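Reader: I have a structure open and would like to go through it. Please start with the sheet.

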Amino acid sequence: MSTQKSVTVIGLGPMGRAMAAAYLDAGYRVTVFNRTAARADELVARGATRAESAEQAVAANELTVLSLTDYDAMYALLEPATAALAGRVLVNLSSDTPERAREAAKWAASHGATHLTGGVSVPPSGIGNPDAYTYYSGPKDVFAQHTATLEVLTRADYKGEDPGLGALYYQLQMDMFWTGLTGWLHALAVARANGITAEELLPYATDVLGTMPNFFAFYAPRIDAGEIVGDVERISMAVASIDHIVHTTKAAGVDPALPAAVLEAFRRGAEAGHADDSLTSLVDVFAKNGS
């Protein structure tokens, strides 16, 4: 009887293909499925087994890793395959909201399957890197049973039983990532309008962003303690600074919508009585605006 470990990977975009390749590299018996069957060709040439349907793919192994656009794609593929779900573990590494992850866990349970939510912190090139990590949440015993298999992909960072936590941590990371990256792209547009190339700005952009961990570490305990004293910086200072950025952007003929949105947030903070408080008071301002 073979003791070779096995896994199914459904969804063969760049991330799914990287995951399946990592399992092949680790000596796993890998079954793959994708609606566009040709995406599996290279993996099959390396030894993976191509399933002819999602149902066949799920039935092939106890553990199925899903790498799809969102949870709608999961339902589209697995609703016709519910007969194969009983006793299976679905590791859903697709992006979606915490609430949808909780709904998916209930849906899987209704068909006899277990759902582990995952949020991958790296692009496809980071798969197989032990320094990378993926957030997971769901039944702790199931996570523990399959940790070794999950860690073929990245380090497995378990966040708790609540199925929504893996998705929540992932979305928090994406909030910071996309906002930060967009800020950099906006700065590059202003730079280019003034004859400065991305390569010329790169070392300074790296320096600025490299200081962020220090700011996070300084402010995190203050925020948790509810301390918003403006002894380092104040919202009134930030309003003036961002206003200058908006004017500089307009003068360059660049769309000012992004810094203008930040300026509006700072002004809301000042109007809420925090003009002389730290920028960290915006945490509460944002929370109240969303209620």
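Predicted model: local features only at pLDDT ≥ 70, side-chain atom pairs only at ≥ 80, totals over all residues.

Reader: Which residue of β7 stands opposite Thr117?

Author: Strands of a sheet pair through backbone hydrogen bonds, either parallel or antiparallel. Strands β6 (residues 114-120) and β7 (residues 133-137) run antiparallel and are joined by four bridges. The residue in β7 opposite Thr117 is Ser137.

Reader: How many residues of helix α1 are buried?

Author: Helix α1 (residues 14-25) has twelve residues and spans 16 Å from its first C-alpha to its last. Buried means under 20% relative accessible area, and among the residues of α1 that qualify are Met15, Ala18, Tyr23 and Leu24. The buried residues pack against elements including β1 (6-10), β6 and α6 (140-150). Of the twelve residues in α1, the number buried is nine.

Reader: Which element gives the largest share of the nonpolar patch?

Author: The patch covers about 470 Å² of surface and consists of Val208, Leu209, Met212, Phe215 and Phe216. Two elements, α8 (198-210) and α9 (212-224), each give two or more residues to the patch. Phe216 lies in α9. The largest share, three residues, comes from α9.

Notes
Residues numbered from 1 in each chain as written. Heavy atoms only, no water. Pairing = 2+ DSSP bridges. Patch = residues over 30% accessible without salt bridge, like charges linked within 9 Å, V, L, I, M, F, W, Y side chains within 5 Å. Areas by Shrake-Rupley, 256 points an atom, 1.4 Å probe, with all protein chains shown as cover. Salt bridge = Lys/Arg side-chain N within 4 Å of Asp/Glu carboxyl O. Expected span 1.5 Å × (residues − 1). Buried < 20%, exposed > 50% of the residue type's maximum accessible area, 1.4 Å probe, protein only. Contact = heavy atoms within 4.5 Å.
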